[in-house]
Amino acid sequence: MSGKIPVGVLGATGFVGQHFLALLANHPWFEVKALFASQDYDSYPAQWRATLPPPAWLDTVPVRRLSAESVLDSGVRLVFSGVPADVARQVERSIVAAGVPVFSNASAFRMADDVPILIPEINSDHLAVTGRPLHVTNSNCAISGLAITLAALRPLGLKRVRVATYQALSGAGYPGVPSYDALGNLIPHIPSEEDKIAAEGRRILGTVEDGSIVPVDLDIEAQVVRVPVHVGHFEVSFVDVARETSVEEVAELFRAFCGPEDVMSLPMTPEEVIHVFDGTGRPQPRTDVMLGGGMTVSVGHIKVKGTSISYKLLVNNLVRGAAGGSVQNAELAHVRGLLG
């Protein structure tokens, strides 16, 4: 026995599922014991398309047909869900009801009253709203980076947020955007994405009052574009705050931002939550998307005029904005004794 917590991965043959497998390959606390997909397989059936290398044990774990019963029979103590939203709606609640915590990347329950959208550096107290076993989601990939920078700026008094996102093709999953539409082109609309950024951002930055999450009263408006970049969502943010500030103060708020002590000790939490680049040439997806193992948010080209701030940010949509965020959420639940 390894002493590690046995875990399962839902949607293990999909794009996000493969990133779960890669991040859990040598995890100090969790050990993958069961894989689940739309049908049974004796060995792993899918081509590896993740941006991280596959685990050495990939072909030694059979894939089971996903159901609440198969998850319960597997003996795992928690599951990571990388299934599409429509599948999540069918199975995640049943799995929780059967006694197994779910840490989900799916959007299906992000606005449910008893399911927090957790980014531990920002809102670890939101774990209080979920029942037992836990049902926790990570955020939309685009808001994950933006919300972290907004949390860093809260001492200035957030008043209004405008953001333009330039989102990588990998954010659409596999097979995603047809190649003929994507190559040498921009897709100026991603269905529901702009509304998700606004609604999820307000909820993530909200407070817990009487056992419920109260979204922050903050005007957030987004415009989104799909761009022919492999990994990394690039965002141009414009934030109005309550008092005048300076480039130096904003940069220092970003550099100093961190979560509670137990969050900062988690295996998935980067030493540097926000990395600030000086000058105007960074961040760039090709060079910077894997900072902090993919969990660090990069910021550059900060400008300030009175109470108006603008900056450019980069977030790894597959790690911080997807599988890595969920693994970090489960780590937090473990150190706070909420898995048992």
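The legends below describe close-up views of a predicted model.

**View 1. The six-stranded open sheet.**
The strands of this open sheet follow the order E3-E2-E1-E4-E5-E6, and their pairing is parallel. Strand E3 (63-65) and strand E6 (135-137) are the edge strands; each has a single partner strand, so one side of each lacks a neighbour in the sheet. On average, neighbouring strands are turned by 25° against each other, direction ignored.

**View 2**
Three bridges join strand E4 (residues 78-81) to strand E5 (residues 102-104) in the parallel sense.

**View 3. Helix H1 and its cover.**
Helix H1 (residues 15-24) lies across strand E1 (5-10), strand E2 (30-37) and E4. H1 runs at about 160° to E1. Of the 10 residues of H1, 10 are buried; among them are Phe15, Gln18, His19, Phe20 and Leu24. The cover over the buried residues of H1 includes E1, E2, E4 and H11.

**View 4. The largest nonpolar core and a separate one.**
The largest nonpolar core comprises 42 residues. Within this core, the residues with the most contacts are Ile122, Leu146, Leu153, Phe254, Ile274 and Tyr311. Helix H5 (residues 141-153) supplies the largest share of the core, nine residues. Another core, of 38 residues, lies apart from it and includes Leu58, Leu78, Phe103 and Ala330.

**View 5. Surroundings of phenylalanine 254.**
Leaving aside residues up to four places away in sequence, phenylalanine 254 touches Thr149, Ala152, Leu153, Ile274, Val276, Val299, Ile302 and Tyr311. Phe254 is also listed among the residues with the most contacts inside the largest nonpolar core.

**View 6. The crossing of H5 and H8.**
The axes of H5 and helix H8 (residues 247-256) come within 8 Å and cross at roughly 115°. This crossing of H5 and H8 is right-handed. On the H5 side the contact is made by Thr149, Ala152 and Leu153, and on the H8 side by Val250, Leu253 and Phe254. Sorted by class, the contact of H5 with H8 has five nonpolar residues, one polar residue and no charged residues.

Note on methods: Residues are numbered from 1 along each chain as its sequence is written. This is a predicted model: local features need pLDDT of at least 70, side-chain atom pairs count only at pLDDT 80 or more; totals for chains, interfaces and linings use all residues. Side-chain values use heavy atoms; hydrogens and water are left out. Two strands pair if DSSP finds at least two bridges between them. Helices (H or I, at least four residues) and strands (E, at least two) are DSSP runs, numbered from the N terminus. Axes are lines fitted to C-alpha atoms, for helices over the stretch in contact, and angles run from 0 to 180 degrees between N-to-C directions. Contact means heavy atoms within 4.5 Å. A nonpolar core is a set of buried Ala, Val, Leu, Ile, Met, Phe, Trp, Tyr and Cys residues joined through side-chain atoms within 4.5 Å. Buried means under 20% relative accessible area, exposed over 50%, partly exposed in between (1.4 Å probe, protein chains only). A crossing is left-handed if the near helix is turned anticlockwise from the far one by less than a right angle, and right-handed if clockwise. Ala, Val, Leu, Ile, Met, Phe, Trp, Tyr, Cys and Pro count as nonpolar, Asp, Glu, Lys and Arg as charged, and the others, Gly among them, as polar.
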